[in-house]
Each structure stands twice: as C-alpha cells, then as structure tokens.
Amino acid sequence: QVRLVESGGGAVQAGGSLRLSCAASGRTFNIGNIGWFRQASGKGREFVSSITWSGGRTRYADSVTGRFTISRDNAENMIYLEMNSLKPEDTAVYYCAARAITAALYETWGQGTQVTVSS
C-alpha cells in the first residue's frame with residue numbers, strides 16, 4: 001500500500017508562486033504514475049499534471065501548461081508541483097494521487113492541500 005502526504009499550500013496574490021510537495025511512502029516500487037489534481041469549491045475534481053515514476057514523462061492540463069512544472073525525486077520519494085504566475089482560478093484543494101503500474105485508475109489519494117490565489 002502507498003501513502004501520500006501533500007504539503008506546501010497557502011495563500012498568495014495573483015502572479016505569485018507556490019511549490020507543492022507530495023511525499024510517498026510504503027510500496028512505492030509499485031507506482032506507475034503520480035498525478036496532481038485539484039478541486040475548486042462547488043466543482044468537480046480536475047486533472048492538473050502527472051509524471052511517470054520511473055521515466056519522468058510528464059503531462060499537463062492546458063490550463064496550467066507553461067505555468068506549472070511537475071518533477072520528482074525518486075531517491076527521496078518526493079513529487080513536486082512548481083506553480084508560477086498563479087491566477088485566482090487556480091484556487092482549489094490540490095491532491096496528489098498514485099496509479100499502480102498495472103492499474104488504469106488513480107487509486108491512492110492524499111488528504112489535499114489548499115491553494116488560495118487572491119486578485
């Protein structure tokens with residue numbers, strides 16, 4: 001079983017930056033992908049970015065491309081989401097999630113961290 005813990009959320013003004021961290025523990029050898037998702041108040045959860053655990057291939061939602069960067073440190077079992085040029089519409093609870101190598105869905109989720117961007 002994999003456990004994920006997010007940190008690094010907070011409140012910033014538009015145009016500012018934050019770096020979110022996701023610490024993975026447990027059976028990390030079984031992780032295929034780590035994804036970042038977000039959920040704004042009153043809205044559904046949406047995909048933000050993902051990275052493969054072994055090869056580092058990345059994907060981004062169109063809304064964050066060019067502003068957010070996902071990275072990993074396998075030695076420390078850490079995944080990061082660097083968020084720049086933040087906009088009020090980026091305000092949400094951000095979750096990291098793990099998808100096993102043989103799984104089609106993200107099955108393990110962290111508790112979430114709040115990001116608030118004021119105009």
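Reader: Are phenylalanine 37 and tyrosine 106 buried or exposed?
Author: Happy to start there. In this predicted model, the cut-off for buried is a relative accessible area under 20%. Phenylalanine 37 falls in that class, and tyrosine 106 does as well: both are buried.

Reader: What is the geometry of the pair that phenylalanine 37 and tyrosine 106 form?
Author: A pair of aromatic rings is described by the distance of the centres and the angle of the planes. Here the centres of phenylalanine 37 and tyrosine 106 are 5.1 Å apart and the planes stand at 75°. Planes over 60 degrees apart count as edge-to-face, so this pair is edge-to-face.

Reader: How many residues apart in sequence are the parts that this pair ties together?
Author: Phenylalanine 37 belongs to strand S4, residues 31-39. Tyrosine 106 sits in the loop between strand S9 (92-100) and strand S10 (108-109), so the parts tied together are apart in sequence by 69 residues.

Reader: Which class does tryptophan 109 have, buried or partly exposed?
Author: Tryptophan 109 in strand S10 pairs with tyrosine 95 in strand S9, edge-to-face at 6.5 Å and 80°. Tyrosine 95 has a relative accessible area of 14% and is buried. For tryptophan 109 the value is 30%, so its class is partly exposed.

Reader: Which arginine lies over the face of tryptophan 109?
Author: Good one to look for in the structure. Tryptophan 109 belongs to an aromatic cluster with Phe37, Phe47, Tyr95 and Tyr106. At 4.4 Å from the ring centre of tryptophan 109, over its face, lies arginine 45.

How values were computed: Residues numbered from 1 in each chain as written. Predicted model: local features only at pLDDT ≥ 70, side-chain atom pairs only at ≥ 80, totals over all residues. Heavy atoms only, no water. Phe/Tyr/Trp six-rings, centres within 6.5 Å; stacked < 30°, edge-to-face > 60°. Helix = DSSP H or I, 4+ residues; strand = E, 2+ residues; numbered from the N terminus. Buried < 20%, exposed > 50% of the residue type's maximum accessible area, 1.4 Å probe, protein only. Lys NZ or Arg CZ within 6 Å of the ring centre and 35° of its normal.
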